[in-house]
Amino acid sequence: MPIVSVVIPTRNRPELLLRSVRSALSQTLRDIEVVVVIDGPDNLTDASLATVQDARVRVVSLPESIGGADARNRGAEAALGKWVAFLDDDDEWVAEKLEKQLAKGSASKYRLPVIASRLIARSPTTDYIWPWSEPHMPIGDYMLRRRSLFKGDGVLQTSTLMAPRELLMTCPFTKGLRKHQEADWLIRAMEVPDAGLEFVSEPLTIWYIEERRQGIGALEDWRYSLDWANRVRPKITPEAYSSFLLTYVAASASNRRDWKAFLPLLTSSIHRGSARPIQLMLFMGMWLVPKQARSFIRGAVTRHKATAK
């Protein structure tokens, strides 16, 4: 029986999927299985997986697309391991990822620990090590609140997460949720008795960002994000609510130059949350500074810091 089940949901990205699968099969922890959940009919992905000659790979083919959150749930349900680690089909792991997280989880004081780690956020020009600071509770406050000029803190991305299968059966991903799946799940999982968060400070996942491909997480739908924030508002602090609207949701709207979002986001953040001056400044910057310019400045600052070290 495998110790860890790796769950990879995928749809219509066969070349990227093979990179993810190979990084899972190359783990120093060998007692694993790789459960690839194909989210709907996908002949090209079927053909690509047929080239992988490893008995540890199992394929769950869904008759119709049900979305990433539900596909992860199906993978966790099919898992044979005590632990489940999620890997997106366009990400990859360093070789020691599962071994180091398993050691952290096995020594945890929690009966149902969720183990996360830092990651390498890889853009076409620069690598970033995120998050800058280690997680703290409440987890929604850590993930959604922003107090610095550049993004990168509070990042707990799906491909870094490993958890007991028991926890995922008790607290699955929210059915039908198209975005914010990591934050939504972690906020609810940390409310489960005997659950807690552990963190490996090394970057163990490579997360490819800003590449020109479409994914569910890349959908610039600010209304959907605002609705989600209103649903979880009772579970997060007022500042986290305001910060999420003024930074993440505002970025989605400003990238599309959808000025209809400006007043609703600003009004909700002030009247329903607790906005800080830096968050209001970032909000204005989202609208006045183009996305490409913000990316250039962030990359230049990161390169300067790396050179200074």
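1. Start with helix α11. Its face turned away from the buried side carries the exposed residues Pro277 and Leu288. The model is predicted, and the points below should be read as such.

2. The buried residues of α11 are Gln279, Leu282, Phe283, Met286 and Trp287. They cover an arc of only 140° around the axis, which puts them on the same side of α11. An α-helix has 3.6 residues a turn, so residues three or four places apart point the same way.

3. Does the length of α11 agree or disagree with what its residue count predicts? The helix runs over residues 277-288, 12 residues in total. At 1.5 Å a residue it should span 16 Å. The end C-alpha atoms are 17 Å apart, which agrees.

4. The structure holds 11 aromatic pairs. One of them is phenylalanine 244 with tyrosine 248: the ring centres are 5.3 Å apart and the planes lie at 5°, so the pair is stacked. Planes under 30 degrees apart count as stacked. Both residues lie in helix α9 (residues 238-255), four residues apart, about one turn of the helix.

5. Phenylalanine 244 is buried, at 5% relative accessible area. Tyrosine 248 is partly exposed, at 35%.

6. Tryptophan 259 and phenylalanine 262 form a tilted pair. Their ring centres are 5.8 Å apart and their planes meet at 35°, so the pair counts as tilted rather than stacked. Tryptophan 259 is partly exposed, with a relative accessible area of 47%. Phenylalanine 262 is buried, at 17%.

7. Which residue of α9 has its side chain 3.5 Å from the backbone nitrogen of alanine 275? Serine 242 does, through a polar atom of its side chain. Serine 242 is found in helix α9 and is buried, with a relative accessible area of 0%. Not counting residues up to four places away in sequence, serine 242 touches Ser269, Gly273, Ser274 and Ala275.

8. Two arginines sit over aromatic rings. The charged end of arginine 72 is over the ring of phenylalanine 173, 5.6 Å from the ring centre. The charged end of arginine 233 is over the ring of tyrosine 241, also 5.6 Å from the ring centre.

Note on methods: Residues are numbered from 1 along each chain as its sequence is written. This is a predicted model: local features need pLDDT of at least 70, side-chain atom pairs count only at pLDDT 80 or more; totals for chains, interfaces and linings use all residues. Side-chain values use heavy atoms; hydrogens and water are left out. Rings of Phe, Tyr and Trp (its six-membered ring) pair if their centres lie within 6.5 Å; planes under 30 degrees apart count as stacked, over 60 as edge-to-face and the rest as tilted. Helices (H or I, at least four residues) and strands (E, at least two) are DSSP runs, numbered from the N terminus. Buried means under 20% relative accessible area, exposed over 50%, partly exposed in between (1.4 Å probe, protein chains only). A charge sits over a ring if NZ of Lys or CZ of Arg is within 6 Å of the ring centre and within 35 degrees of the ring normal. A polar contact is a pair of N or O atoms within 3.5 Å; within protein, one must be able to donate a hydrogen and the other to accept it, and residues adjacent in sequence count only if both atoms are side-chain atoms. Contact means heavy atoms within 4.5 Å. The expected span of a helix is 1.5 Å times one less than its number of residues. The arc is that of the directions from the helix axis to the C-beta atoms.
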